[in-house]
Amino acid sequence: MMRQLLALGFLLSLVVPASAHGFSAADIEIVHPFFRETPPGAKTGAGYVILRNKGSEPDKLIGIETEAAAKVTFHRTVTENGMAKMLPIEGGLEIPAGGEYRLGLDGSHAMLEGLTAPIGLGFLLNGTLIFEKAGRVDITFEVEPVGTTQDKAMQEHEGEH
Ligand SMILES: [Cu+2]
């Protein structure tokens, strides 16, 4: 019995790191940052994250840097006359005091331009989130399969807690 419990504990400990994939800096909690898997030859990719602010002042995500891409900007995909197009989100992503910003809702995403290599499942990619107040925070991005939405990733993420 003890041995079975130990074995179970070992299995659980293997599963936990994915669910515990998060970072924090000052009052900001960075929940499950991920890139979507890209096909071979892709020049662009997309990144998602949930930012929670436990503080009493708003903060802003003003930039992302990563080893996976030459440049990262913030976009929103909108549909006009049946055509999807991407518009830049200007001025950074505001995280209200005591609130959150879900990058991935309403078509929002971090746009990775100039991919240095395809982004493959199982990769952990280094990056830095740059906040107006919390400053530069080094993190890692996990990689989720093509078609993963913010909601789906979060369900899986929170289901593991
Ligand atoms: Cu885009």
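Which residue of E10 is the bridge partner of Ile64? In this predicted model, in which local features need pLDDT of at least 70 and side-chain atom pairs count only at pLDDT 80 or more, totals for chains, interfaces and linings use all residues. Residues are numbered from 1 along each chain as its sequence is written. The bridge partner of Ile64 in E10 is Leu129, and E4 and E10 run antiparallel, joined by 5 bridges. E4 is also joined to E7, again in antiparallel fashion, by 3 bridges, and here Lys60 has Glu94 of E7 as its bridge partner. Strands are taken to pair if DSSP finds at least two bridges between them.

The protein contains 2 helices and 11 strands, where helices (H or I, at least four residues) and strands (E, at least two) are DSSP runs numbered from the N terminus. Read from the N terminus, the order of elements is α-β-β-β-β-β-β-β-β-β-β-β-α. Two residues are in contact if their C-beta atoms, placed from the backbone, lie within 7 Å; among contacts between residues at least 6 apart in sequence, 69% join residues at least 24 apart.

Of the 161 residues, 27% count as buried, a residue being buried if 20 or more other C-beta atoms lie within 10 Å of its own, exposed if 12 or fewer, and partly exposed in between, with C-beta atoms placed from the backbone. A nonpolar core is a set of buried Ala, Val, Leu, Ile, Met, Phe, Trp, Tyr and Cys residues joined through C-beta atoms within 7 Å. The largest such core has 28 residues, and those with the most contacts inside it are Phe35, Leu51, Ala110 and Leu112. At least two residues of this core are supplied by each of several strands, including E2 (28-36), E3 (44-53), E4 (59-66) and E9 (108-115), and E3 provides the largest share, 5 residues. With its neighbours within four places in sequence left aside, Phe35 is in contact with Gly45, Ala46, Gly47, Ala68, Leu112, Ile119, Leu125, Phe141 and Val143.

Glu29 is found in strand E2 and is partly exposed, with 16 other C-beta atoms within 10 Å. When residues up to four places away in sequence are not counted, Glu29 touches Gly22, Ser24, Arg52 and Lys54. Glu29 and Ile50, 21 residues apart in sequence, are 8.2 Å apart in space from C-alpha to C-alpha.

Positive phi values occur at two residues other than glycine, of which Asn81 has a phi of about 50° and Asp106 a phi near 55°. Asn81 lies in the loop between E5 and strand E6 (83-88) and is exposed, with 5 other C-beta atoms within 10 Å. Asp106, by contrast, is found in strand E8, and this residue is exposed, with 11 other C-beta atoms within 10 Å.

The predictor's confidence in each residue is given as pLDDT, from 0 to 100. The mean pLDDT of the protein is 86, and 80% of its residues reach 70 or more. Confidence is highest in E4, at 98, and lowest in helix H1 (residues 2-19), at a mean of 48. Over residues 9-18 the pLDDT is below 50, and this stretch has 2 contacts in the model beyond near neighbours in sequence. Where pLDDT is low, the predicted coordinates should not be read in detail.
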